[in-house]
Amino acid sequence: DYEVDLHIYSNDLDDADVAVNILLQVAEAPVIVVEPESFEFGGIDLGEVGEQILTVSNVGNSDLTISDIAVDGDEFTTDFEGEFTLARTESTEFTITFEPQERGVFEGTLTISSNDENNGELNVELTGTGYIQPVIAVNPLEISTNRSVARVVTISNEGDNDLEWDAELEIIAEPGRDRGQRGVRNVGGD
């Protein structure tokens with residue numbers, strides 16, 4: 001308990017000093033704080049793992065017991081290993097992982113159960129997107145002609161991430177003529 005007197009001084013001749021008694025009673029209680037309050041993993045390629053750190057702190061004035069950390073969402077996991085206690089002003093870190101197994105947007109919830117009376121179950125929102133790495137598609141794969149003519153080769157990306165490409169002409173067989181007239185014209189890419 002904390003007790004103070006607040007003195008209010010004035011030019012009142014009868015009450016030049018008015019005292020207000022203030023009594024603050026601080027209850028013993030743990031208070032949980034997490035940082036960050038939500039996770040956005042962004043885009044992660046299929047087969048890759050995104051990791052972020054969750055910090056759990058006790059800003060209260062008595063021991064905070066974390067009894068469980070549960071994850072709802074198959075693509076998200078944590079390295080929580082079991083119940084533990086944080087003394088006042090202590091904190092600890094956990095790794096939260098996102099490992100998409102298929103293409104798409106994923107959402108999950110991390111729920112922390114503790115003895116904090118005001119936040120017995122604290123939810124942390126999780127989001128991430130599963131991407132397919134760039135996949136080049138070229139059509140046609142072969143061109144045969146008996147005369148000099150422009151042909152279109154279509155290059156496309158069947159993945160989600162940007163496809164970066166370049167082209168050059170490799171002469172495999174040449175009957176000794178028109179070497180200087182061959183070339184590749186880039187009409188799109190990157």
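The largest nonpolar core of this predicted model comprises 23 residues, among which Ile32, Val34, Leu54, Val56, Ile66, Leu110 and Ile112 touch the most other members. A nonpolar core is here a set of buried Ala, Val, Leu, Ile, Met, Phe, Trp, Tyr and Cys residues joined through side-chain atoms within 4.5 Å; buried denotes under 20% relative accessible area, exposed over 50%, and partly exposed the range in between (1.4 Å probe, protein chains only). Two or more residues are contributed to this core by each of β3 (32–35), β4 (38–45), β5 (50–58), β6 (64–72), β8 (84–86), β9 (91–98), β10 (104–114) and β11 (121–131). Strands (E, at least two residues) and helices (H or I, at least four residues) are DSSP runs, numbered from the N terminus. When residues up to four places away in sequence are not counted, Leu110 touches Leu54, Ile69, Ala70, Val71, Thr78, Ile96, Leu122, Asn123, Val124 and Leu126, contact meaning heavy atoms within 4.5 Å. In soluble globular proteins, nonpolar side chains tend to be buried together.

Residues are numbered from 1 along each chain as its sequence is written. Local features require pLDDT of at least 70 and side-chain atom pairs count only at pLDDT 80 or more, whereas totals for chains, interfaces and linings use all residues; side-chain values use heavy atoms, with hydrogens and water left out.

The protein contains 13 strands and 0 helices. Its radius of gyration, taken over C-alpha atoms, is 33 Å, well over the 16 Å that the globule rule gives for 190 residues, so the protein is more spread out than a compact globule; the rule is 2.2 Å times the number of residues to the power 0.38. The C-alpha trace spans about 115 × 50 × 20 Å along its principal axes. Buried residues account for 25% of the 190 residues. Of the contacts between residues at least 6 apart in sequence, 58% join residues at least 24 apart.

Strands β4 and β11 run parallel and are joined by 6 bridges, with Leu126 in β11 as the bridge partner of Phe39.

A further open sheet has 4 strands in the order β3-β5-β9-β7, and its pairing is antiparallel. Its edge strands are β3 and β7 (76–78), each of which pairs on one side only. Neighbouring strands of this sheet are turned by 25 degrees against each other on average, direction ignored. Antiparallel strands β7 and β9 are connected by 3 bridges; Thr77 stands opposite Thr97 in β9.

Several backbone features lie in loops. Cis peptide bonds, with omega about -5 degrees, join Glu35 to Pro36 and Asn139 to Pro140. Pro36 is located in the loop between β3 and β4, while Pro140 lies in the loop between β12 (136–139) and β13 (154–157). Thr89, in the loop between β8 and β9, has a positive phi near 70 degrees and is exposed, with a relative accessible area of 69%.

Definitions and conventions: Pairing = 2+ DSSP bridges. Axes fitted to C-alpha atoms, helices over the stretch in contact; angles between N-to-C directions.
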